[in-house]
Each structure stands twice: as structure tokens, then as C-alpha cells.
Amino acid sequence: VQLQASGGGLVQPGGSLRLSCVASGSIYSIIYMGWYRQAPGKQRELVAIITPAGTTNYAESVKGRFTISGDNAKKLVYLQMSSLKPEDTAVYYCNVRAKTRSYSPESTYWGQGTQVTVSS
């Protein structure tokens, strides 16, 4: 299973960015897709996840500013980020928790990360 993320970049405070991620490879079922981020010197943290049923979970720090959405059939997940703050600066990683066969255990797969920099 491979994940390819795109959409990062440099944006001014208060601006918006949209991240996209597509999963490929042998996936039998998706448990959830999501986004994590890691700022310099900090641990990787959850940003948001979404299940195939559309259930979402957000970090408190991004609630009301970020929106996660997805297309389960196309194995796509998006993160619309608005009202960006300098503290949102980080490498953003998409991930998918999935089963590759009906009998296989769940595993988590990670993309390569995309840099988001919020600065004036």
C-alpha cells in the first residue's frame, strides 16, 4: 500500500491550503484515512481522521478551521485548512489504516509527508 500526498506549500497567516492524498495498492477494506503532522522538535500528532461512514475526529487545535473529507471508493482523503496559523507549520502526513485481505490484520500505512509553512 502506498500513499501519495500533495498540496503543501507556503501560506500567509489566515490563509488556506488543501491537502490531497491517494492510496494505491491492494486494499481490501479501509478502517479510516487521516492526517497527522509533525513540527520540528515535536512528536507526530493527530490532525484529523475520517471513516468510510463519514465519522470524523479532529484535534482540538484545528476544530472549526480544518475539514477532512474523503472518497472511500477512490481511496482519496482531503484536508481543507483555513485560518492557518504559524503554529500549524509542520510536515503533514496522510495515513490509512486498512486490511489488505479479508483475513489479514489491520495495518497502518503512511505517506511521505508534505511541508506546510505558515509565515508572513
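From the N terminus on, the elements of the chain run β-β-β-β-β-β-β-β-β-β-β. Colour the chain by secondary structure: the count is eleven strands and zero helices, where strands (E, at least two residues) and helices (H or I, at least four) are DSSP runs numbered from the N terminus. The model is a predicted one, in which local features need pLDDT of at least 70 and side-chain atom pairs count only at pLDDT 80 or more, while totals for chains, interfaces and linings use all residues. Residues are numbered from 1 along each chain as its sequence is written, and side-chain values use heavy atoms, with hydrogens and water left out.

**The whole chain**

Begin with the C-alpha trace, which spans about 50 × 25 × 20 Å along its principal axes. The radius of gyration of the chain is 14 Å, which agrees with the value near 14 Å for a compact globule of 120 residues; this radius is taken over C-alpha atoms, and the globule rule is 2.2 Å times the number of residues to the power 0.38. Of the 120 residues, 41% count as buried, a term that means under 20% relative accessible area, with exposed over 50% and partly exposed in between (1.4 Å probe, protein chains only). Contact means heavy atoms within 4.5 Å. Among contacts with a separation of 6 or more, 55% come from residues 24 or more positions apart.

**The disulfide**

Select Cys21 and Cys94 next. A disulfide joins Cys21 to Cys94, with 2.0 Å from S to S, and the structure holds one such link (a pair of cysteine sulfur atoms within 2.5 Å). The link is right-handed, with 50° about the S-S bond. It connects distant parts of the chain, since Cys21 lies in strand E3 and Cys94 in strand E9, 73 residues apart. Both cysteines are buried.

**The nonpolar core**

Now show the side chains of Trp35, Val47, Phe66, Ile68, Leu79, Met81 and Tyr92. These residues have the most contacts inside the largest nonpolar core, which has 31 residues. Such a core is a set of buried Ala, Val, Leu, Ile, Met, Phe, Trp, Tyr and Cys residues joined through side-chain atoms within 4.5 Å. Elements that give two or more residues to this core include strand E1 (2–6), strand E3 (17–24), strand E5 (45–50) and strand E11 (114–118). Strand E9 gives the most, with five residues.

Centre the view on Leu19, which lies in strand E3. Leu19 is buried, with a relative accessible area of 0%. Beyond its neighbours within four places in sequence, the contacts of Leu19 include Trp35, Leu79, Met81, Tyr92 and Val116.

Leaving aside neighbours within four places in sequence, Met81 is in contact with Gly15, Ser16, Leu17, Leu19, Arg65, Phe66, Tyr92 and Val116.

Follow that list to Arg65, which is in the loop between strand E6 (56–58) and E7. Is Arg65 buried or exposed? At 11% relative accessibility, Arg65 counts as buried. With neighbours within four places again left aside, Arg65 is in contact with Gln80, Met81, Ser82, Ser83, Leu84, Lys85 and Asp88.

**Aromatic rings and charges**

Select Tyr36 and Trp110. Rings of Phe, Tyr and Trp (its six-membered ring) pair if their centres lie within 6.5 Å; planes under 30 degrees apart count as stacked, over 60 as edge-to-face and the rest as tilted. By this rule there is one aromatic pair. It is formed by Tyr36 and Trp110 and is edge-to-face, with 5.0 Å centre to centre and 70° between the planes. The pair links distant parts of the chain: Tyr36 is in strand E4 (residues 29–38) and Trp110 in strand E10 (residues 107–110), 74 residues apart. Tyr36 is buried at a relative accessible area of 18%, whereas Trp110 counts as partly exposed at 36%.

The charged end of Arg44 sits over the ring of Trp110, 4.6 Å from its centre; the criterion is NZ of Lys or CZ of Arg within 6 Å of the ring centre and within 35 degrees of the ring normal. For another such arrangement, select Arg18, which lies over the face of Tyr78 at 4.0 Å from the ring centre.

**Last stop: Gln38**

Return to strand E4, where Gln38 lies. Gln38 counts as partly exposed, at 29% relative accessibility. Not counting residues up to four places away in sequence, Gln38 touches Gln43, Arg44, Ala90, Val91 and Tyr93. Finally, draw a C-alpha to C-alpha distance from Gln38 to Ser82: the two are 18 Å apart in space and 44 residues apart in sequence.
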